[in-house]
Amino acid sequence: INNDFAKSLGLDDLEALKKNVKEQIISQHSMQSRSKMKREILDLLANSLDFQLPNTLVEQEYQSVCIAMKPNQENVNDQKNKTYDEGMTKAEKDDALTISKRRVRLGLILAEIGRLNNIKVEEKDTQNAMMQELQRYPGREKEILEYFKKNPEAQNQLSGPIFEDKIIDFIIELA
């Protein structure tokens, strides 16, 4: 590892390479730390309150989880006459139900925290998330942007994680 190697990577010299690697390590560590803290906060929230969950929300989430657990299964449109958990073991169904209840519980808790503290996802936030998503598909930006324009539900899928992150930031700030 020398200046020539650094230049082959498009950097000026070995010092620039060291600086770049250091910044990447710090960034990755920061992201992992935040992810771990977020998971711990969500675990505490999910386990802190026990309340009756709306059956319709749990059932909808259960269907989504079952579909996600069977990625090689036939298309959702082909499942009209089948149950979403068909072919799953009892343990898999129990796991799917546990995950579903946790997601619904967390969703309701986070929504209430957001409502009580006037936390909202602004259009600017969604646009920033869309731009980040576009950057993940170089050369296909127009196609992806068109997809978002034609599918408001795809835009809504972007706003969920943004809302969750805003609430986590709010909780961290309070802590």
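The questions and answers below concern helix packing, salt bridges and a surface patch.

Reader: What kind of model is this, and how are its residues numbered?
Author: This is a predicted model, in which local features need pLDDT of at least 70, side-chain atom pairs count only at pLDDT 80 or more, and totals for chains, interfaces and linings use all residues. Side-chain values use heavy atoms, with hydrogens and water left out, and residues are numbered from 1 along each chain as its sequence is written.

Reader: At what angle do helices H6 and H7 pack?
Author: Helices are DSSP runs (H or I, at least four residues), numbered from the N terminus. Residues Tyr147, Phe148, Lys149 and Lys150 of H6 meet Pro152, Ala154, Gln155 and Leu158 of H7, contact meaning heavy atoms within 4.5 Å. Axes are lines fitted to C-alpha atoms, for helices over the stretch in contact, and angles run from 0 to 180 degrees between N-to-C directions. The axes of H6 (residues 141-150) and H7 (residues 152-174) lie 5 Å apart, and the packing angle is about 100°.

Reader: How is H6 oriented relative to H7?
Author: The angle between H6 and H7 is about 100°. Angles of 65 to 115 degrees count as roughly perpendicular. H6 is therefore roughly perpendicular to H7.

Reader: Is Lys90 buried or exposed?
Author: Lys90 and Asp94 form a salt bridge (3.1 Å, N to O), and both lie in helix H4 (residues 90-116). Buried means under 20% relative accessible area, exposed over 50%, and partly exposed in between (1.4 Å probe, protein chains only). Asp94, at 35%, is partly exposed. Because its relative accessibility is 61%, Lys90 counts as exposed.

Reader: How many salt bridges does a search of the whole structure find?
Author: One example joins Glu143 to Arg140, with the closest N and O atoms 3.0 Å apart. Salt bridges that share partners also link Arg34, Lys38, Glu164, Asp165 and Asp169 into one network. The search of the whole structure finds 16.

Conventions. Helices (H or I, at least four residues) and strands (E, at least two) are DSSP runs, numbered from the N terminus. Angles under 35 degrees count as roughly parallel, over 145 as roughly antiparallel, 65 to 115 as roughly perpendicular and the rest as oblique. A salt bridge is a side-chain nitrogen of Lys or Arg within 4 Å of a carboxyl oxygen of Asp or Glu.
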